[in-house]
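Reader: I am new to this structure. Can you show me how to read it, one feature at a time?
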Amino acid sequence: MSSTVMIILCIVGYIILAPIIGGLTSGVDRKISARMQGRQGPPLFQPFYDVIKLLKKETVVVNHVQIFYLAVFLVFVIFTGCLFFGGFDLLLVFFALTTANLFLILAATSSHSPYAHMGANREMMQMLAYEPMVLLTAVGFYLAMDTFKVREIVQSNDIPAIIKLPGVFVGFVFILTIKLRKHPFDLATSHHAHQEMVKGITTEFSGEMFAIVEIAHWYENVFLMGVIGLFFINANPWTALAAFVGIAVTYSILILVDNTNARVKWQTMFKNTWITTVIIGALNVFILEVFTKGVK
């Protein structure tokens, strides 16, 4: 099978399967969280029921620009996953993801809701907090695997990146608490009902528009779990199992953190994220760079 055909199959598979996997993952997340809190929890397929209900509801349109921004947000999130699972440049992948998040912010700020504006401001703060670690992740992969190409990393005969990048891995998992909207950094979207912002950045989204946001998050979550898997996988077929186990353990830890930590202020989030980025992520990259030059 030619590489072009394989790339097309991976992209099509992501477009079709990602929302299914993402929705099921969300259902598992809710179920485990409920059991941790001593509740039975909703059915496993509850996220799908919620989205279907949203699609049937009346959509209150604040302005038509908002619909455009949300549509572009969804397209760029899907485009990000297609680039990643198609095996393209990791820097381009992360750039596309950042662009998607900017359109979500634009959609929120196009309304006059103070809660939406507050959520958008916090979303920008979160981006400033986690983007350096995202960039360090791409740089770390380049230093460890000598390429930015996802396809070449997966097909490499070198040792898995996790061996060379343990600090970068820890730093990336740390920022996933922001990207996956979990405590203690669930600041912008008010995923949990007890916050002061109502629904934060998604306050003015209703019906089909809110369904778009939920589906986009399913796509995004699958892509982010793919990045976690990239730390473990190489040309050895057995590493695919290691990647799956790594993803499952990482997501379980994030659920545990979500249910055992209170929400913090944005200042604390910003400080802790940058400290983690500099001390763990940047130090790992620096040591790897020095070691690589020493070997050469």
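This is a predicted model: local features need pLDDT of at least 70, side-chain atom pairs count only at pLDDT 80 or more; totals for chains, interfaces and linings use all residues.

Reader: How is a pair of aromatic rings described?

Author: By the distance of the centres and the angle of the planes. In this model the count comes to 18 aromatic pairs. Take Tyr142 and Phe148: their ring centres are 4.7 Å apart and their planes are at 20°, so this pair is stacked.

Reader: Are Tyr142 and Phe148 buried, exposed or partly exposed?

Author: Tyr142 is partly exposed, at a relative accessible area of 35%. Phe148 is partly exposed too, at 21%.

Reader: What kind of pair do Phe172 and Phe231 form?

Author: A tilted one, because the planes are at 45°, with the ring centres 6.4 Å apart. Phe172 lies in helix 8 (residues 166-179), and Phe231 lies in the loop between helix 9 (207-230) and helix 10 (238-260). The pair therefore ties together parts that are 59 residues apart in sequence. Both Phe172 and Phe231 are buried.

Reader: Which residues do ring pairs link into a cluster?

Author: Tyr14, Phe84, Phe85, Phe94, Tyr219 and Phe223. A ring can also have a charge over it: the charged end of Arg151 sits over the ring of Phe88, 5.8 Å from the ring centre.

Reader: Where do nonpolar side chains tend to be in soluble globular proteins?

Author: They tend to be buried together. In this model, the largest nonpolar core has 78 residues. Phe141, Phe223 and Phe231 touch the most other members. Helix 9 gives the largest share of this core, 14 residues.

Reader: Which residues does Phe231 touch, not counting those up to four places away in sequence?

Author: Among them are Thr137, Phe141, Pro160, Leu165 and Phe172.

Reader: How are two packed helices described?

Author: By the angle between their axes and the distance between the axes. Here, the axes of helix 1 (residues 3-36) and helix 2 (residues 46-56) come within 7 Å and cross at roughly 115°. Helix 1 contributes residues including Pro19, Ile20, Leu24 and Arg30 to the contact, and helix 2 contributes Gln46, Pro47, Phe48 and Asp50. By class, this contact has five nonpolar, four polar and two charged residues.

Reader: Last one. Is Thr276 buried or exposed?

Author: Buried, because its relative accessibility is 13%. Thr276 is in helix 11 (residues 266-295). Setting aside neighbours within four places in sequence, Thr276 is in contact with Gly171, Phe174 and Gly281.

Key
Residues are numbered from 1 along each chain as its sequence is written. Side-chain values use heavy atoms; hydrogens and water are left out. Rings of Phe, Tyr and Trp (its six-membered ring) pair if their centres lie within 6.5 Å; planes under 30 degrees apart count as stacked, over 60 as edge-to-face and the rest as tilted. Buried means under 20% relative accessible area, exposed over 50%, partly exposed in between (1.4 Å probe, protein chains only). Helices (H or I, at least four residues) and strands (E, at least two) are DSSP runs, numbered from the N terminus. A charge sits over a ring if NZ of Lys or CZ of Arg is within 6 Å of the ring centre and within 35 degrees of the ring normal. Axes are lines fitted to C-alpha atoms, for helices over the stretch in contact, and angles run from 0 to 180 degrees between N-to-C directions. Contact means heavy atoms within 4.5 Å. Ala, Val, Leu, Ile, Met, Phe, Trp, Tyr, Cys and Pro count as nonpolar, Asp, Glu, Lys and Arg as charged, and the others, Gly among them, as polar. A nonpolar core is a set of buried Ala, Val, Leu, Ile, Met, Phe, Trp, Tyr and Cys residues joined through side-chain atoms within 4.5 Å.
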